[in-house]
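Open your viewer and keep the selection tool ready.

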Amino acid sequence: MTDQECQKLLQNNYQRLIQQLEVDKVVNALFEREVLDIDDKEEIECEANRSKKADRLVTKIMRRGNENFSKFCDVLGEFPSQKHLALLLRNNTDQGKKLDK
């Protein structure tokens, strides 16, 4: 999957991600995996509310390429409450669904 395809997939699922992403859990795990650096982590944590934090995180992941997209999906899959989001993103990639709706 190309970087552009990863971006499009995140864009197509943006609203669901913003509404359902448990940012604090995910940010810490992404920091541990070096997808985010300390500046990214602090920038996200400083946002006023959960949806703004989620927006900032998804935007950063969109710009990080397919390797970090894959790590993002892995992290989502590690949390029972976020597994459905990992499945949503992975099913779109695994089943070869068209990314441009």
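Start with L21 and show its surroundings. Leaving out residues up to four places away in sequence, L21 touches R16, V26, R50, A54, L57, V58, F72, L76, Q82 and L85. Keep in mind that this is a predicted model.

Now widen the view to the core. The largest nonpolar core has 28 residues. L21 is among those with the most contacts inside this core, along with L30, L57, F72 and L89. Colour the elements that give two or more residues to the core: α1 (3-12), α2 (14-20), α3, α5, α6 and α7 (83-94).

Next, select helix α3, residues 23-32. Which of its residues are buried? They are V23, V26, V27, A29 and L30. Look down the axis of α3: these buried residues fall within an arc of 170°, so they line one face of the helix.

What covers the buried residues of α3? Show α4 (38-45), α5 (50-62) and α6 (65-78), which are included in that cover.

Step just past the end of α3 and pick E34. Here the backbone takes a positive phi of about 65°.

Last stop: K41, in helix α4. Is K41 buried or exposed? The relative accessible area of K41 is 15%, under the 20% cut-off, so this lysine counts as buried. Show its contacts, setting aside neighbours within four places in sequence: K41 meets V27, N28 and F31.

Terms used:
Residues are numbered from 1 along each chain as its sequence is written. This is a predicted model: local features need pLDDT of at least 70, side-chain atom pairs count only at pLDDT 80 or more; totals for chains, interfaces and linings use all residues. Side-chain values use heavy atoms; hydrogens and water are left out. Buried means under 20% relative accessible area, exposed over 50%, partly exposed in between (1.4 Å probe, protein chains only). Helices (H or I, at least four residues) and strands (E, at least two) are DSSP runs, numbered from the N terminus. The arc is that of the directions from the helix axis to the C-beta atoms. Contact means heavy atoms within 4.5 Å. A nonpolar core is a set of buried Ala, Val, Leu, Ile, Met, Phe, Trp, Tyr and Cys residues joined through side-chain atoms within 4.5 Å.
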